[in-house]
Amino acid sequence: MNRVVVTGLGCVTPIGSTIEDFTLSLFSGTTGIVPIGHVEGAPEGNPGVRFTQMAQVKDFDPLQYMSTGTATATERAAQLGIVAARKAAEHAKLLEPNSPASLSSHLSEDTAIILGCSCAGRSAEEPQLAGLYLRNIRAHPLTVVRTMANSGAAQVSIDLGITGPVLTISTACASGTHAIGQAFHMVRSGLVTAAIAGGHDAPLTFGFLRAWDSMRVVSPIRCRPFSADRDGMTLGEGAAMFTLETLESAQARNATIYAEIVGFGMSADAHHITQPSSDGAAKAIRMALKDARIQPSEVGYINAHGTGTQANDATEAEAIHKALGADIAPTVPVSSTKSLHGHSIGATGAIEALATVLALHDGKAPFTFGTTEVDPTLHLDVITETPRPLDPARPVALSNSLAFGGLNAVLAIRRF
């Protein structure tokens, strides 16, 4: 089987839309969570929710990156995905210099696009439904293509001229991680030689904010993962994408290698639609380790799902203990980066995988911004206040995603 390496990174996030800006925010603890501003479609722009903050991508103008026709036929989630994917391809130097819709290093039919997205089309769908239900108006003729769940993946294939397998995975908060894991398996098995993979989502719409408010799981102020006084998550949006390819092809073209993906695990709790089970998450961690053929003692960092809710953080801590063992689990540094970029649902796993790759590449783990007193009942080594150097003797990091519906996905990534 092929070894699979990461050779390109791209992002559009609340803490930076270049890898340089994202890295600076990640390690300096510069959060993208800010007071809620004007929300399109809400009465006088006020969504009328209990919580006060969210993480939104600033100053994003799709016309800087795509034609008027493409911008008109897409909505925000797809647009974020198109831009991040192109950045990942350009970062890996996959594209012909004078022909951005042509690959220079891999055959287009041997390249895949696997994207995760949970809330595609909401910014296009909500105003159309309001007009239909309240005034019986005709829907915009592009409503269907704007709201297709696979709109982002299809538009990326058009943008980059990729004709291999193209699909969208929708598993709520684990969508981006499942997408990267599936792409990893496809490249490793030899089905394709390269893939663009990641997650994108734009769930900060009036209707969605109100729906989350009704669940009472959003922090009134700002999420504080693993904190003793944690009181909920903070919603966000964004996209992160990766270029994956075989080690052989990366070395043949002298590409920069940022990390190696060595394992992927996934599981279902089969327990409850919103209450997580530590058994299911532990199984996904064990499967990632088995897939990577590594021992728990080789894990030197975990980028946790870490939403900041009571239920998630306690369950994830228990799962880490079950999977790694009582001796190893308390010795592994853990952090959650959601208090920087928010919880962007289908994109969040990919954004956290990006943070994990950068941690391995830079040799230091980001800290959990905003958490000062760790919940002692979790028995985890949660990184706070400042980044921590990684142990060279433990070269593997895990990136966990635990979704509503009890769907779990875990990536094992090795320093290269």
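The expected span of a helix is 1.5 Å times one less than its number of residues; helices (H or I, at least four residues) and strands (E, at least two) are DSSP runs numbered from the N terminus. This is a predicted model, in which local features need pLDDT of at least 70, side-chain atom pairs count only at pLDDT 80 or more, and totals for chains, interfaces and linings use all residues. Residues are numbered from 1 along each chain as its sequence is written, and side-chain values use heavy atoms, with hydrogens and water left out.

**View 1. Length and ends of helix H3 (residues 76-91).** H3 has 16 residues and reaches 22 Å from its first C-alpha to its last, close to the 22 Å expected at 1.5 Å a residue. At its start, a side-chain oxygen of Glu-75 reaches to within 3.0 Å of the backbone nitrogen of Ala-77. Lys-93, with a positive phi near 60°, follows H3.

View 2. Among the buried residues are Leu-80, Ile-82, Val-83 and Arg-86.

**View 3. Crossing of helix H1 (residues 19-28) and helix H13 (residues 348-362).** The axes, lines fitted to C-alpha atoms over the stretch in contact, come within 11 Å and cross at roughly 80°. That makes H1 roughly perpendicular (65 to 115 degrees) to H13. In contact (heavy atoms within 4.5 Å) are Ile-19, Phe-22, Thr-23, Leu-26 and Phe-27 of H1 with Ile-351, Leu-354, Ala-355, Leu-358, Ala-359 and Asp-362 of H13.

How values were computed:
Axes are lines fitted to C-alpha atoms, for helices over the stretch in contact, and angles run from 0 to 180 degrees between N-to-C directions. Angles under 35 degrees count as roughly parallel, over 145 as roughly antiparallel, 65 to 115 as roughly perpendicular and the rest as oblique. Buried means under 20% relative accessible area, exposed over 50%, partly exposed in between (1.4 Å probe, protein chains only). A polar contact is a pair of N or O atoms within 3.5 Å; within protein, one must be able to donate a hydrogen and the other to accept it, and residues adjacent in sequence count only if both atoms are side-chain atoms.
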